[in-house]
Amino acid sequence: EDEKIKIPSIDVDSPIIPVGETKLGAMDVPSKPMDTGWYKLGPKPGEIGSAVIAGHRGFRSGPAVFDNLHNIKIGDEVRIEDEKGQELIFVVRKIRTYRATEQVPEVWYKNDIAHLNLITCFGRWNKLTGTSDERLVVFTDLL
């Protein structure tokens, strides 16, 4: 059984696929619209540091896992279920949007406790770059 991410408040229940980096050094994303991608070069969810999970929003072929991530609220729970069915519960602390080109160290390098940060595309689609002009980041902490 795969690892799963569950966000009850926005009806997410999806597999987590380990992803690395693209040729350009950016975090890779899962190929399927309803999967999420955990950045395997960083901490696992539950380990000290900033674990990062990305998911698609507004996929061309239909619904995507993080279509409703913008509706999440501070205090909502994000649950990570491991292969053995054990669950870690994270609580949303902060929600921010950033320009797609912005470097945001706090997403990747906060090492005080176990964090889990969720990322998806946001804003306007740019045909030239093939991506949206913003990123929505949800910052959560292990309960």
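The protein exposes about 8100 Å², of which carbon and sulfur atoms supply 51%; these accessible areas come from the Shrake-Rupley method with a 1.4 Å probe. The model is predicted, so that local features need pLDDT of at least 70 and side-chain atom pairs count only at pLDDT 80 or more, while totals for chains, interfaces and linings use all residues. Residues are numbered from 1 along each chain as its sequence is written, and side-chain values use heavy atoms, with hydrogens and water left out.

The secondary structure comes to one helix and eight strands, where helices (H or I, at least four residues) and strands (E, at least two) are DSSP runs numbered from the N terminus. Along the sequence these elements follow the pattern β-β-β-β-β-β-α-β-β.

As for overall dimensions, the C-alpha trace spans about 40 × 30 × 30 Å along its principal axes. Of the 143 residues, 41% are buried, a term that stands for under 20% relative accessible area, with exposed meaning over 50% and partly exposed in between (1.4 Å probe, protein chains only). Among contacts (heavy atoms within 4.5 Å) with a separation of 6 or more, 54% are made by residues 24 or more positions apart.

One residue deserves a separate look. Asp11 is found in the loop between β1 (4-7) and β2 (12-19), and, although Asp11 is not a glycine, it has a positive phi of about 60 degrees. Asp11 is exposed, with a relative accessible area of 73%.
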